[in-house]
Structures are given as C-alpha cells and as structure tokens.
Amino acid sequence: MEKQARIVECVPNFSEGRDHAVIRQIVGAIAGVDGVAVLNVDPGEGANRTVVTFAGEAEAVVEAAFRAVKTAAERIDMRKHHGAHPRIGATDVLPLIPISGITLEECAELARRLARRIADELLIPTYCYEAAALRPEHRNLAVCRAGEYEALPEKLLTEGRRPDFGARQMDDVIARAGATVVGARDFLIAVNFNLDTTSVQMANAIAFDVREKGRPQRPGTLKAVKALGWYIDEYGIAQVSMNLTNLAVTPLHVAFAEVCRAAAARGVRVTGTEIVGLVPKRSLLDAGRYFLEQQQRATDVDERSLICTATESMGLDELRPFNPREKVIEYRMEDALTD
C-alpha cells in the first residue's frame with residue numbers, strides 16, 4: 001500500500017499589513033519552495049498584520065516557514081512597528097497544523113526543530129507553544145507573548161520568562177526582528193450559525209450557553225469552544241459566531257447539534273451555517289456520517305455523498321453557494337499544486 005503523504009498546514013502571522021511589497025516578498029519566499037501551496041493571504045492594515053495560510057508535505061512546509069521568517073526579519077523592523085494586534089516579533093506566531101498522514105505530536109516535534117533552527121541560524125529567540133510547548137505555562141500563547149515586543153529586554157534575562165531557544169541579552173538582531181512563537185495545534189474552524197432572529201441578546205445567550213467559558217460560575221456545554229453573538233447587517237440576521245479550537249474534543253457536527261439544541265430551548269431556530277475560511281475534509285466527512293446515522297441511513301457511501309449530506313444537513317449554502325473545491329483545505333491544496 002502506498003504510504004500516505006504527510007500534509008501540514010502553516011498559518012504564520014507577520015507584523016506587517018500595510019507595505020504590500022514586503023508582504024509579496026514574504027509570500028514569494030513561501031511559494032518558492034517546491035511542494036508548497038499558498039492558500040490564502042490576509043493583510044490587515046489596521047492591525048498592521050498579515051496572516052498567510054499555506055500547506056504541503058511536512059518537510060517542505062517547514063522549509064517554507066523558515067524562509068518566511070528569514071525574509072520577514074530582513075524586511076520588518078520592529079523598532080518602527082505599531083499595530084492594534086498584540087505582537088512580539090516580525091514573525092509573531094507560527095503554528096503547524098496536521099492535515100493528513102501526520103499526528104499533532106509529530107507536528108509538535110517539527111515545530112520544536114524549526115524553533116531551534118530559527119534561533120540557531122537566524123539568531124531570533126523562539127518560544128514553543130501549544131502542543132510543542134517545552135514548559136507547561138508556554139502552552140498558552142498569551143503567556144509567551146506577555147508584554148509584547150516592548151517587554152523583550154526584560155524577558156530575555158528573567159528566569160521563567162526567557163524564550164526556549166536563543167535567549168540572550170538584547171542586541172541589534174533581536175531589536176530588529178523581535179522574537180517568534182512557534183507551535184503546533186489542531187485545525188481551528190471559524191464558523192457562524194445563522195439564527196431566525198435579529199436579536200443580538202438572544203444570540204449571545206445561546207453562545208454563552210454553549211461556549212466552554214460559559215457564564216460566571218457556570219461553564220458552557222461545549223469544551224474547546226469560544227463563542228459570542230452578533231448581528232450581521234449584510235444578511236439581516238443574528239449569528240452565533242464560534243471558534244472550534246480542538247476538533248478532537250468538539251467536532252463541527254457536535255457544535256452544530258448543540259447550538260441547535262440550545263437555540264430551540266430558547267424558542268429560536270438555527271437556519272444554516274457559514275464556514276469562515278477553510279475547513280479540513282475530515283470535518284465534513286465525519287459530519288456526513290453523523291447525519292446519515294441520525295437519519296438511519298447507510299454510512300458506507302463515497303466522499304462526495306458524505307460532503308453533500310453535511311452541506312445539506314447543516315445548511316452550509318444558506319447564505320451563499322458552498323463549493324467544496326474552494327472551502328475544503330485538501331481540495332484547495334490539490335488545485336493549487338496543479339495550477
């Protein structure tokens with residue numbers, strides 16, 4: 001049997017969202033690695049921050065990430081950087097995400113190797129976070145980034161706050177490039193559930209019912225979930241906006257079913273689902289099987305049928321057509337690599 005390719009996604013955040021020439025150079029460094037597909041580039045001028053999404057075979061993705069960090073360090077001077085979003089360096093945060101044929105633990109080991117290489121070859125201090133964390137407190141990105149770039153001179157010399165690799169007294173390299181937080185995490189799905197109401201208060205009540213944080217003294221029903229309610233003027237509806245931060249704990253279809261239950265308990269109905277950004281194929285396949293089981297139908301059907309079932313059952317095309325070739329990360333990668 002042919003060995004399955006180890007496919008990894010990388011979503012680095014760079015502290016530059018206004019200079020498009022710099023952004024093009026960083027993206028060019030990524031795209032120049034064979035076997036890597038750039039899937040999305042999202043510059044934010046207000047935050048002065050750009051998020052680049054790319055994917056490919058594991059070793060190629062790691063090499064592309066290293067080249068991107070190098071280019072960012074050469075082109076972004078943190079001594080002159082200002083933006084609304086928290087940041088600690090030219091490449092602020094760099095997560096590796098398992099897509100297929102590779103485990104989160106294997107991505108964590110790749111992330112640690114990458115962090116050490118960045119520190120050794122580029123002289124940029126690095127923290128390891130989430131699954132790649134070398135210290136329990138560093139699992140939390142906010143702990144690694146506490147105080148932001150301005151706190152680095154103190155953190156570099158303070159026991160318990162130093163980076164995992166490359167810690168030393170502040171010098172010209174660190175002053176320019178800052179530090180970088182490298183890690184591994186599962187795929188995060190951003191999803192909005194459409195409600196048959198315009199009430200933000202109602203949407204927030206449902207969000208608080210289900211999100212892990214819940215309310216003071218009362219946690220919600222879904223683990224590894226962040227949620228809030230809002231009104232979308234473009235659609236004229238309220239939504240429960242949600243981040244699923246660990247799909248092994250709370251898959252997409254479980255979140256959908258629980259929001260439906262919580263909404264119904266308050267006399268409201270979920271009318272559809274809006275996926276923001278990309279979704280891993282396994283999430284739709286698992287959802288398709290789940291809904292077929294709920295309908296007491298056979299689940300041993302082909303991939304296309306499972307995705308169609310998931311699309312119809314969750315109303316993924318209520319607000320706009322849902323095209324799997326554009327929204328499923330594996331399909332996007334296939335298409336990008338064959339262009």
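# Close-up views of a predicted model

**View 1. Strand β4 and its partners.** β3 and β4 pair in the antiparallel sense over eight bridges. Here two strands count as paired if DSSP finds at least two bridges between them, and the elements themselves are DSSP runs numbered from the N terminus (helices: H or I, at least four residues; strands: E, at least two). In this pairing Val36 stands opposite Gly56 of β4. β4 also runs antiparallel to β1, with four bridges joining the two, and Val8 is another residue that stands opposite Gly56. Two bridges join β4 to β2, again in the antiparallel sense, with Asn13 opposite Val51. Seven of the nine residues of β4 are buried, so this strand is largely enclosed by the rest of the structure. Buried means under 20% relative accessible area, exposed means over 50%, and partly exposed lies in between (1.4 Å probe, protein chains only).

The model is predicted: local features need pLDDT of at least 70, side-chain atom pairs count only at pLDDT 80 or more, and totals for chains, interfaces and linings use all residues. Residues are numbered from 1 along each chain as its sequence is written, and side-chain values use heavy atoms, with hydrogens and water left out.

View 2. β5 covers residues 91-100, and ten of its ten residues are buried. Strand β1 (residues 7-10) pairs with β5 in the antiparallel sense over four bridges, and Ile7 stands opposite Ser100 there. Strand β2 (residues 13-14) is likewise antiparallel to β5, over two bridges. In that pairing Asn13 stands opposite Val93. Strand β7 (residues 180-184) runs parallel to β5, and four bridges join them.

**View 3. Thr71 in helix α2.** Thr71 lies in helix α2, which spans residues 58-75. At 13% relative accessibility, Thr71 counts as buried. Leaving aside residues up to four places away in sequence, Thr71 touches Gln25, Ile26 and Ala29; contact means heavy atoms within 4.5 Å.

**View 4. The salt bridge of Glu59 and Arg6.** Glu59 forms a salt bridge with Arg6, and their closest N and O atoms are 3.7 Å apart. Glu59 lies in helix α2 and Arg6 in the segment before β1, so the pair ties together parts that are 53 residues apart in sequence. Glu59 is partly exposed, at 35% relative accessible area, and Arg6 is partly exposed at 22%. A salt bridge is defined as a side-chain nitrogen of Lys or Arg within 4 Å of a carboxyl oxygen of Asp or Glu. By this rule the count comes to 25 salt bridges.

**View 5. The salt bridge of Arg266 and Asp209.** The side chains of Arg266 and Asp209 meet in a salt bridge with an N to O distance of 2.7 Å. Arg266 lies in the loop between α8 (252-265) and β11 (270-276), while Asp209 belongs to helix α7 (residues 200-210), so the pair ties together parts that are 57 residues apart in sequence. Arg266 is partly exposed at 35% relative accessibility, whereas Asp209 is buried at 19%.

View 6. Glu258 and Arg261 meet through their side chains in a salt bridge (2.7 Å, N to O). Being three residues apart in helix α8, Glu258 and Arg261 are separated by about one helical turn. Glu258 is buried, at 15% relative accessibility, and Arg261 is partly exposed, at 43%. Elsewhere, salt bridges that share partners join Glu63, Arg67, Arg117 and Glu121 into one network.

**View 7. The largest pocket.** The largest pocket has a volume of about 1400 Å³. Of the 40 residues that line this pocket, the closest to its centre are Val11, Pro95, Arg185, Leu188 and Asn243. On a 1 Å grid over the protein atoms alone, a pocket is an open set of points where a 1.4 Å probe fits, with protein on both sides within 12 Å along at least five of seven lines; lining residues have an atom within 4 Å of a point. Grid points are joined across faces, edges and corners, and the volume is the space filled by probe spheres set on the points. Elements that each supply at least two lining residues include β3 (36-44), β4 (49-57), β5, β6 (126-130), β9 (225-232) and α11 (324-327). By class, the lining has 18 nonpolar, nine polar and 13 charged residues. Ala, Val, Leu, Ile, Met, Phe, Trp, Tyr, Cys and Pro count as nonpolar, Asp, Glu, Lys and Arg as charged, and the others, Gly among them, as polar.
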